[in-house]
Amino acid sequence: MKAVTWHGKGDVRVDEVPDPVIQQPTDAIIRVTTTNICGSDLHLVEPLAPFMSVGDIMGHETMGEVVEVGGETGDLRVGDRVSIPFQISCGHCWMCDRGLYTQCETTQVRDQGSGAALFGYSTMYGSVPGGQAEFLRVPQAQFTHVKLPEGPADDRFAYLSDILPTAWQGVEYAHVPDGGTLVVLGLGPVGDFAARIGLHKGYRVIGVDLVPDRIERARSRGVEVVDLREHEDDLGDAIRDMTDGRGPDSVLDAVGLEAHGSPATTFVQKAAGLLPDVIAAPLQKTAGVDRLAALYSAIDIVRRGGTISLSGVYGGAADPIPMLTLFDKQIQLTMGQCNVKKWVPEIMPLLTDDDPLGVDTFASHRLPIDQAPEAYTNFRAKEEGWQKVLLKPAGV
């Protein structure tokens, strides 16, 4: 089959690789009909490259049709149309019973000190082959799936595997009071969806970004926007001016380690990338090389007694965090990988013909999987108009 594979920093290719096969009775195989490029996939191209190996199959936003099942896959049947959550979880361990599917005790990657295994996301999360391919093996398939209705086009459900539940959890974790104000830092796919969800829930939403088409896209849906290029040195003051001098009730950081404005840590990341992987990997994990500009901005912006919700991916372990400010401002800080299936029952009723979240028109590009390398390059460079890329295997 064809699959999108990692070959080095900045080197993504489409290769012919062996078809996946059932390995455990809890496995299923799906024929992929749509797979997406996620913003966090871009981290694998450079900052997290030391955790990747040549030939790793990328991708963790996948949907398709079940073509084979093992003997212990519950009510999953050949022919079912499914979305595959990005985390692999059993559904019955202590953590799963509490809705903490990203902490599944059955699939935790203990040798890396990580939570549940993820599709296509490096040795840190189990080196499980990803879904940017024609077929995908799904471990723990008795639970790691969301059944979908037949009929609507894939775009209706293409975001259920990750970014739509991630945005939903981010807004829930932001604890915005009724009628309150939510600032969304970063209007990429997750931030865009978070802003739409905030508006749907009746909040005042202020979005911050520096990419012109992202700003206009959010503005067109009723989001108040702040252009970071105009307020790079006074963002906190600009937003306080918009919120009675107090600051917003909640800030959702949808940027993470790709934050603009952190030249020192950007240099360290690039320098680490020049080292052998055996040295670079622990350095990236423990030396504190995250680009924290967005988090620092969130701490500055949020009102006293407010909440910061982190949805952007962070990876370092020794970064300087302004604990005095967090304590003094009595800020609540919430975060974590999204527990996808926890939020699906709340989201599914919105994936209707009325399409209140605009999922049908959310993708900016729908491309054959053969064009994945070009898509990675353009998406990573934030080329104009490259907001969300859906990849289609041949014949779909």
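Helix α6 passes helix α9 in a right-handed crossing, meaning that the near helix is turned clockwise from the far one by less than a right angle. Helices here are DSSP runs of H or I with at least four residues, strands are runs of E with at least two, and both are numbered from the N terminus. The model is a predicted one, in which local features need pLDDT of at least 70 and side-chain atom pairs count only at pLDDT 80 or more, while totals for chains, interfaces and linings use all residues. Residues are numbered from 1 along each chain as its sequence is written, and side-chain values use heavy atoms, with hydrogens and water left out.

The axes of α6 (residues 235-242) and α9 (residues 293-301) come within 9 Å and cross at roughly 40°; axes are lines fitted to C-alpha atoms, for helices over the stretch in contact, and angles run from 0 to 180 degrees between N-to-C directions. Leu235, Gly236, Ile239 and Arg240 of α6 meet Ser297, Asp300 and Ile301 of α9, contact being heavy atoms within 4.5 Å.

I turn now to the sheet. Its 6 strands form an open, parallel arrangement in the order β10-β9-β8-β11-β12-β13, where pairing requires at least two DSSP bridges between two strands. β10 (224-227) and β13 (332-335) each have a single partner strand, so one side of each is left without a neighbour in the sheet. Strands β11 (residues 250-253) and β12 (residues 307-310) pair over 4 bridges, with serine 250 opposite threonine 307.

Finally, helix α3 (residues 163-173) lies across β8, β11, β12 and β13, at about 160° to β12. Helix α4 (residues 189-200) lies across β8, β9 and β11, at about 170° to β8.
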